[in-house]
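Subject: Structure for you to look at

Hello,

Here is the structure I promised you. Please open it next to this email and follow along.

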Amino acid sequence: MEGSGDVAALGRKLLSSLGLDPDVQLARSAAAMPWNAEPGDFESPDGTLVCGLCGKPKQTADGFPIVHSHQLASLVRHEETQAERAERILRNRGRCFAGEFRGLEGCTLATAAEDTDRDSAGAVMAYSRDFRAMRKAGHGLLLFGPVGRGKTFLAACLCNVLLDGGWRCLMTSTRRIRSQVEGTYGSLNSVVESLCRQDLVVLDDLFRDRNTETGREIVFDVVDALYKARVPMVVTTNLSDDSIRYPSQADQPVVDRLKERCRRIEMPASLPNRRQVAAC
Ligand SMILES: [Zn+2]
C-alpha cells in the first residue's frame with residue numbers, strides 16, 4: 001500500500017506531538033472496532049481489517065484507518081446541480097401541462113389580460129408565497145364564478161410559479177382522469193395514487209362531468225383521496241356561491257371537503273366573458 005506508510009508516520013508524529021506514546025495508542029485503537037468498518041468487511045489472518053467490497057486493506061500495518069474512495073461517495077450527500085434542478089423542473093412542467101392543458105405552460109401574471117380580476121390574482125399569488133405552510137396544512141383554493149373569467153388561467157399561473165420553485169404540480173380534470181382510466185393507464189386507484197404524490201393538484205371544472213355515475217365516482221374518489229392525503233387542491237368550478245353554500249345532497253360530500261380545505265375565491269360575474277369576446 002503506497003502512501004499508507006506516510007499516513008502512519010504522520011499519525012505517529014501527531015501522537016508524539018500530543019505527548020502520547022504512539023505504540024500504546026495504536027495498540028488501543030487497534031483493539032477497538034475501527035470507525036471506517038462497514039458491514040461485510042472482515043479481518044485478515046494477521047488481524048488487518050479488509051474491505052468486503054474491494055478486498056483491499058482498510059488499515060495500515062500500524063492499525064491506522066484507511067478510508068476507500070467508494071466509501072466517501074456514500075458519506076458525502078449528493079447535492080443536486082443547477083443543471084439537474086433545471087431538468088427536473090422541465091420534466092415536472094411537461095407532466096403538469098399535458099393533454100387538454102397543453103399550451104398553458106406559458107401562463108404567468110405578466111401575460112395576464114388587462115381585465116384579469118386583481119383581487120383574485122392577488123389572492124392566488126399570496127397563496128403561492130405562503131405555499132410551504134399551505135402545503136403542510138393541506139390547504140388549497142376554490143376558484144368559482146361564471147364561465148370564461150380566467151379561473152383556469154389563474155390556476156395555471158399558480159402552477160408555473162410553484163413549478164419554478166421546484167414543487168410538483170399537476171393540472172387535471174374529470175375528463176382527463178376518465179380517459180386515463182379507460183385507456184391503458186390503469187385503474188382509478190393507480191391514477192389517484194399518482195395524484196397523491198404531487199405537491200398540488202388542480203382539478204379543473206370539477207363539477208362538469210358529474211351527471212354520470214362514473215363521473216360522480218371519479219369526482220368523489222379523487223377529492224376524498226387528496227383530502228385524506230392532505231394534498232393541496234386547487235379547484236375551478238362554475239358553481240355559484242349559493243350552490244357552494246347550500247350544496248345539493250349529491251354534491252355535499254365533495255363540497256364539504258373542499259370547504260374545509262380550500263379558501264374560496266370568487267371571480268366576479270361583472271367581468272366580461274372572454275370566451276364570448278373571443279368568439280365575436
Ligand atoms: Zn474498498
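Two strands count as paired if DSSP finds at least two bridges between them. Helices (H or I, at least four residues) and strands (E, at least two) are DSSP runs, numbered from the N terminus. Keep both in mind for the sheet below.

Two notes on reading the file. This is a predicted model: local features need pLDDT of at least 70, side-chain atom pairs count only at pLDDT 80 or more, and totals for chains, interfaces and linings use all residues. Residues are numbered from 1 along each chain as its sequence is written.

**Confidence**

pLDDT is the predictor's confidence in each residue, from 0 to 100. The protein has a mean pLDDT of 85. Of its residues, 84% reach 70 or more. Among the elements, strand E5 (residues 200-203) has the highest mean, 98. Helix H13 (residues 274-279) has the lowest, 47. Over residues 276-280 pLDDT stays under 50. The model has 2 contacts beyond four places in sequence for that stretch. Where pLDDT is low, the predicted coordinates should not be read in detail.

**Overall make-up**

The protein has 13 helices and 7 strands. A residue is buried if 20 or more other C-beta atoms lie within 10 Å of its own, exposed if 12 or fewer, and partly exposed in between, with C-beta atoms placed from the backbone. Of the 280 residues, 26% are buried. Two residues are in contact if their C-beta atoms, placed from the backbone, lie within 7 Å. Take the contacts with a separation of 6 or more: 72% of them join residues 24 or more positions apart.

**The sheet**

Which order do the strands take? The open sheet of 5 strands runs E4-E5-E6-E3-E7, with parallel pairing. Strands E4 (169-172) and E7 (262-266) are the edges, and each pairs on one side only. From one strand to the next, the twist averages 15 degrees. Now look at one pair. E5 and strand E6 (residues 233-237) are parallel over 3 bridges. Val202 has Val234 in E6 as its bridge partner.

**The core**

A nonpolar core is a set of buried Ala, Val, Leu, Ile, Met, Phe, Trp, Tyr and Cys residues joined through C-beta atoms within 7 Å. The largest one here has 45 residues. Leu143, Ala155, Leu158, Cys159 and Met171 have the most contacts inside this core. Several elements supply at least two residues each, including strand E3 (140-144), helix H10 (213-228) and helix H12 (252-261). Helix H7 gives the largest share, 9 residues.

Leaving aside neighbours within four places in sequence, its contacts include Phe97, Ala155, Cys159 and Val202.

Asp205 sits in the loop between E5 and H10. Its phi is positive, about 50 degrees, although Asp205 is not a glycine. Why is Asp205 classed as partly exposed? Because 16 other C-beta atoms lie within 10 Å.

Arg230 lies in the loop between H10 and E6. Arg230 also has a positive phi, about 55 degrees, and is not a glycine. With 13 C-beta neighbours inside 10 Å, Arg230 is partly exposed.

Gly52 is in the loop between strand E2 (49-50) and helix H3 (69-75). Not counting residues up to four places away in sequence, Gly52 touches Gly40, Asp41 and Phe42. Gly52 and Ala37 are 15 residues apart in sequence and 9.4 Å apart in space, C-alpha to C-alpha.

Best wishes

Conventions: Axes are lines fitted to C-alpha atoms, for helices over the stretch in contact, and angles run from 0 to 180 degrees between N-to-C directions.
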